[in-house]
Amino acid sequence: MRPVPSPPPLPRFSLAAACLAHAAILSSAALTLPWRSGTSFALLLGVLTALHVTTGVAALVGRREWLVWSWRALSLSSLIAFAVLAWWMAATAIYVSYLYLRLGSTVATVIGAAAVATALLTLPIAIWGAIQTTPPRARSAKRIGTGVLTLLALAVLTLPLAASAARGERVTRASAQVTTDLSSVLEAHIRQPAAGEWRTVAGAGPARCSEPVSAEHLTLLVAYVHRTKGARSICLQASSGSKLRARFRSFLARKARPGSTVVIDLVRTVKPLEASFPLLDALELRPGLDGVCDERRCLPAWQLTLADAFAENHPLPSVPDVSYGFSAEAVRGALGASAAERDLGITGLQRIESDSFSADESGVHRLIRTRATPPALSKQGVERAVASAQRYIVKAQKRNGSFRYALDPKTGTQDSATLNLPRQAGTTYALCELGEPGAVKRTVKLALEPFAKTEVDLGSYSALSQGGDLGIGKSALPLLAMLRCRSLVGDDNDRLIGQLGRHILRMQRDDGSFYPAFDPKLKRGVGDHEAVYAAGQAVLALVLLEQQRAALVGSAAEPLPEPARLKSALDRAMSYYAGPYWPTPARDFFFFEEGWHCLAARTALSSHRHDGYEQLCIDYVSSRLRYVTRAADTSEPNFVGGYGVSDLFPPRNTATAGMGEALNASITIKRKRGEPVERELEILRDLVTFLLRAQWTEAGCYACRQPHRVVGGFSQQLASPSIRIDYVQHAMAAIGHGSKLLGLM
């Protein structure tokens, strides 16, 4: 009898190394990726991690029977995991591209990259294990082909369901005529003489419906000012448009304060939400477009946005500043859910879309992405926007000269954080550049006073300090603000200008760059890294100092640096930032934030030109223009001109304004160089239009707690309503300088 041949030996150390490396990657993904612990996806990765560890240990021990079964289980599990994850990725790509139009290629690229990573972590180990552990008789081509065809058939049959799942069920009775009739009722309401103090609908809260919201009947969400009880919300439902109109008219006559603000939302589509994958769940509500209902309680899109529901979800605990999608917990809290109900996720919620209108003393306004119609891109429109931003800043100043840092439009809550030197200086600088001199002179004088209180006298020079920090970032921007505002406020700050000017010169390295920090014991600059924003501010300050040196002679700013020393300092700084700072291979791909270098290069056009430094600005702006949304890039007209990466996330007003400031400088520089700027001007027109749309106006303040404080401000983005003083400063500068280039101011 012929002896049975021994099976070939299985790999040991190579397999153990591969398995343990896979286990480290998969466990890290299970613990750190933005899904809640305990989800099926985290559990799936946890199972794979355990099987990898088991197989790796079995390989090291050398027990063949253990290794065969553990590797076989790992191989099968890896194959199943790849099939599940690949199907989910494909379904997600289809779902999101239907929910957010024109996102097909973007989503496909991201999903494709994730699919490749998934395949590399699952398929090789699965195939290797199948070859090594499966008996030969079970490896027939027929069986393999049958399995593959079955999986493909399931995918083909089920993936189209993802497209239909993205769409909500339309309320067929919510016709255009119903919308017209309801707006007519609003017009009649606001034509009444206003009774009592004018109020907004801030704090109206969720509306409670008598029946669950569905596509079978009409639902109208109404936020109004009660005759005696302040802002309230109500849900009106009817089987026909005429009945709904009659109920709405009767309700206003009985309950609403005559002539008061009213906001209505006529529900057009309804879609029940079901939990699938946390990353996708967070995208189920689109900022400014979608409201939500939980059984009979509803919040329209504008209330969700003001409630900061899209800034409360932080999927990466290690990066708390990153917010993504909406937070189901925050939404349920805004709907009035109990603490226990807030952890239920999105299951049981309904997504609603609606036609929205607000009515106040100025008329009836259709709301698009929660905002009323913005001012037109015209001479009058941009002048009004700049003047409104100026008034916001002036009103935000406190008695000690500092500016209110943040303001919540919905609650009126203020954040008067301690004085921040660069932010204080940047706001003052913008007022001096674009403000009406007679209206801002007192504000500017008062705003400059806090700088002297933070001075640290170091002898022949001084630095400004905050929390013990004497770095260049605390002194450069205050210096250029004082220089820029000198023509408005006079020579009151000349002594400090001289002290800080000498400090900035001492902070320069031999190669022209600037030290980021200052050591008071050594009395010299220290640090090896680059101060990104502060470096451009330092160059701009030296440009202004060179331009105003003659006017400062004989003042308290003495002793002034000799013209040759100033020229040498600027030559070295501009040469460094034009060359070694950002080498050619890197600038072909990306830049950091170089907007202040652009402002410095523009200001230097009349006094200290440097071809390479000007080209730095042109290259920087050219590399960033691809992120400014054009009409062909988006299905959302309100995003055109905004600075962003896709329709998934509303463009950030702050990034758009910063881009606008740099673009304004680049256009000015290119015109001076005789280069064409037609394309840049087209983009600038879109960008300024976007910022006009983003500004808080009287008509857009239908739910502001204190409209007189909010109007003129800018939030970080549509989905993050809090206003900060630096948001206003940058937007004001972008609109003001941009409109001049467009011939509108």
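How many salt bridges does the count come to by the rule used here? The count comes to 24 salt bridges, a salt bridge being a side-chain nitrogen of Lys or Arg within 4 Å of a carboxyl oxygen of Asp or Glu.

Before the details, a word on the model. This is a predicted model, in which local features need pLDDT of at least 70 and side-chain atom pairs count only at pLDDT 80 or more, while totals for chains, interfaces and linings use all residues. Residues are numbered from 1 along each chain as its sequence is written, and side-chain values use heavy atoms, with hydrogens and water left out.

**The chain as a whole**

The protein chain has 25 helices and 17 strands; these are DSSP runs numbered from the N terminus, helices being H or I with at least four residues and strands E with at least two. Of its 745 residues, 54% are buried. Here buried means under 20% relative accessible area, exposed means over 50%, and partly exposed is in between, with a 1.4 Å probe and protein chains only. The chain exposes about 32400 Å², with carbon and sulfur atoms supplying 58% of that area; accessible areas come from the Shrake-Rupley method with a 1.4 Å probe, and for residues only the protein chains shown count as cover. Look at contacts (heavy atoms within 4.5 Å) between residues at least 6 apart in sequence, and 72% of them join residues at least 24 apart.

| Pair | N to O distance |
|---|---|
| Arg-366 and Asp-355 | 3.2 Å |
| Glu-383 and Lys-379 | 2.7 Å |
| Arg-673 and Asp-611 | 3.2 Å |

Take Arg-366 and Asp-355, which form a salt bridge. This pair links distant parts of the chain, with Arg-366 in strand β9 (residues 363–367) and Asp-355 in strand β8 (residues 349–360), 11 residues apart. Arg-366 counts as partly exposed because its relative accessibility is 39%, whereas Asp-355, at 12%, counts as buried.

Arg-673 has 22% relative accessibility, so it counts as partly exposed; Asp-611 reaches 54% and counts as exposed. Elsewhere, salt bridges that share partners tie Arg-268, Arg-286, Asp-290, Glu-353, Asp-355 and Arg-366 into one network.

**Empty space inside**

Rolling a probe the size of a water molecule over the atoms shows where empty space is left. A cavity, on a 1 Å grid over the protein atoms alone, is a set of points where a 1.4 Å probe fits but cannot get out, and lining residues have an atom within 4 Å of a point. Grid points are joined across faces, edges and corners, and a volume is the space filled by probe spheres set on the points. The structure holds eight cavities of 30 Å³ or more.

The largest cavity has a volume of about 160 Å³. It is lined by 13 residues, of which Asn-638, Phe-690, Arg-693, Ala-694 and Leu-718 are the closest to its centre. Helix α23 supplies the largest share of that lining, three residues.

The second largest cavity holds about 110 Å³ of space. Its lining has 15 residues, and those closest to its centre are Leu-306, Thr-370, Arg-371, Trp-696 and Tyr-702. The elements giving two or more residues to this lining are α10 (301–306) and β16 (715–717), and α10 gives the most, with three.

Thr-370 lies in the loop between β9 and α12 and is buried, with a relative accessible area of 10%. Glu-295 is another non-glycine with a positive phi, about 60°. Glu-295 lies in the loop between β6 (290–294) and β7 (297–299), and at 49% relative accessibility it counts as partly exposed.

Finally, a cis peptide bond joins Glu-558 and Pro-559, with omega about 0°. Pro-559 is found in the loop between α17 (532–552) and α18 (563–578).

Terms used:
On a 1 Å grid over the protein atoms alone, a cavity is a set of points where a 1.4 Å probe fits but cannot get out, and a pocket is an open set with protein on both sides within 12 Å along at least five of seven lines; lining residues have an atom within 4 Å of a point.
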